[in-house]
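Please open the structure in a viewer and keep the selection tool at hand. The stops below are intended to be followed in order.

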Amino acid sequence: MADVTIDQVADAMFELVSSMKGKRDLKPMDVSKQMMEKFGDDVDKKMCKKALRQLIDSGRLTYKYAGGSYVTLPEA
Amino acid sequence: MTEMKYKTPLLDELEKGPWPSFVKEMKKEAHRPMVQDAIGQLERSYEEHISHWKHGGLVGVMGYGGGVIGRYSDLPEEFPEVAAFHTHRVNQPSAWFYTSEALRTLCDIWERHGSGLTNMHGSTGDIVFLGSTTEEIEPLFADLTKHGFDLGGSGSNMRTPSCCVGPARCEWACYDTLDACYNITQEFQDELHRPFFPYKYKFKFAGCPNDCVASIARSDCSVMGTWKDEIQVNQAAVLDYAKTVDIDAEICDLCPTRCVEWDGKTLEIDNSNCVKCMHCINVMPKALKPGKERGATILIGGKAPIIGGALLCSVFVPFLEMDKDSDYEDLKELTEAIWDLWGEHGKLRERVGEFIQRVGMSNFLEEIGLDPVPEMVMAPRSNPYIFFDDEIFE
């Protein structure tokens, strides 16, 4: 698991959420599952949580509530 | 009394009678324009039988995915003061013990940043602040944290855990509910503030099977105090009760498993058949007490939604020692195993109890690595979820 960094996972998450803007809301777990699929054994759930937290804390992504909790781009 | 901006004949009806009235309380705060408009919009909702609140959206504090519930008026031109009227959940102290200074601090903070209206407390247990603008969300949070408070849970995350008064005021508490509640709240801060689940997950800690916090009905994980050994009986005190209580009719006949016998002199309890309903202890509190070997039963899967689909929790772990020194490791381990499975396979807005119903109890147990035990039943002496091999082949 040493090859992929948290920053790389965070960037890939950001790219995924950006690409889905206006098409489909993604739950945090959806984003993590897609990352684990993309990076394979190099990434686990813990790493995804850290990457997501980094994105949220930095303000690149934000949470949204619409019947359930989703991650999305902040409003411009 | 401040003059009211709107006529409210329907709401006024709710001020009649001797009981407390939220309308009366709101009118006391009517010197605030925000409260005037909230009252006006509420009257309109009563007239039209429809809510004029929209909820959800992007509001929150930086880094958190819960604690602030976005609320907007769908009539912002008519009621501009409540165009944004967000709700804030503040994590309450264990068992709702406050000093008067803490209460004053909370009220002062809320008067500085919001409508001044509160709900003490919400059904999950939080202190609820009703009505702030979007601009005040971050300053309010900063003010709260400066004074040692934090936001509670909302959305698809662990909700703010709550507990009964436990050993602070109750001799029947079988473990320290306040400590367990605080410990779990601190342990799972990430899950409390950052939604990662299919839906909400609630913890409630009850010190004994009387379940004063209704944990079995209102939480996904109910940690209910119980005991393993015999009910403690003070026969002399039982004789005292016999002067005023018909023990046969009021205790023996009402025992759900008929495990109590009274011959006029001695009370005999068949503890192997006791289902810990607490009835006899509640009727004769000076004569009977829970046993000395105390701990908790862990029950999973309850929920009490407003419209329909209520579920009661089911026993998962019949007895767990709730030793503070062990840091509640077993409870934490079980919780993480449940979250891993439900988090990965649960559908959107599917509570853990519904998930268990969908996949089946035996599959669920197998996946989280818990062996089935005979206590895992809908109710004592009722239908089991799991049939053991020797029963099938008999």
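Begin with the open sheet of chain B, whose 5 strands follow the order 7-8-9-14-15 with mixed pairing. The model is a predicted one. Strand 7 (162–163) and strand 15 (314–320) of chain B form the edges; each has a single partner strand, so one side of each lacks a neighbour in the sheet.

Next, select residues 203–206 and 221–227 of chain B, which are strand 8 and strand 9; these run parallel and are joined by 4 bridges. Within this pair, Lys204(B) lies opposite Ser222(B) of strand 9.

Now turn to the largest nonpolar core, which has 40 residues. Tyr201(B), Phe205(B) and Leu331(B) touch the most other members. Helix 12 of chain B gives the most to this core, with 6 residues. Centre the view on Phe205(B): among the residues it touches are Tyr175(B), Ile184(B), Val223(B) and Leu331(B). A second, separate core of 25 residues includes Cys208(B), Cys259(B), Met278(B) and Ile281(B).

Finally, select helix 12 (residues 329–345) and helix 13 (residues 352–359) of chain B, which pack with their axes 11 Å apart at an angle of about 75°. The two helices of chain B are therefore roughly perpendicular to each other. Show the side chains at their contact, including Trp342(B) from helix 12 and Phe355(B) from helix 13. By class, this contact comprises 5 nonpolar, 1 polar and 1 charged residues.

Note on methods
Residues numbered from 1 in each chain as written. Chains lettered and ligands numbered in written order. Predicted model: local features only at pLDDT ≥ 70, side-chain atom pairs only at ≥ 80, totals over all residues. Heavy atoms only, no water. Pairing = 2+ DSSP bridges. Axes fitted to C-alpha atoms, helices over the stretch in contact; angles between N-to-C directions. Parallel < 35°, antiparallel > 145°, perpendicular 65-115°, else oblique. Contact = heavy atoms within 4.5 Å. Nonpolar A, V, L, I, M, F, W, Y, C, P; charged D, E, K, R; others polar. Core = buried A, V, L, I, M, F, W, Y, C linked by side-chain atoms within 4.5 Å. Buried < 20%, exposed > 50% of the residue type's maximum accessible area, 1.4 Å probe, protein only. Lists of a residue's contacts leave out its neighbours within four places in sequence.
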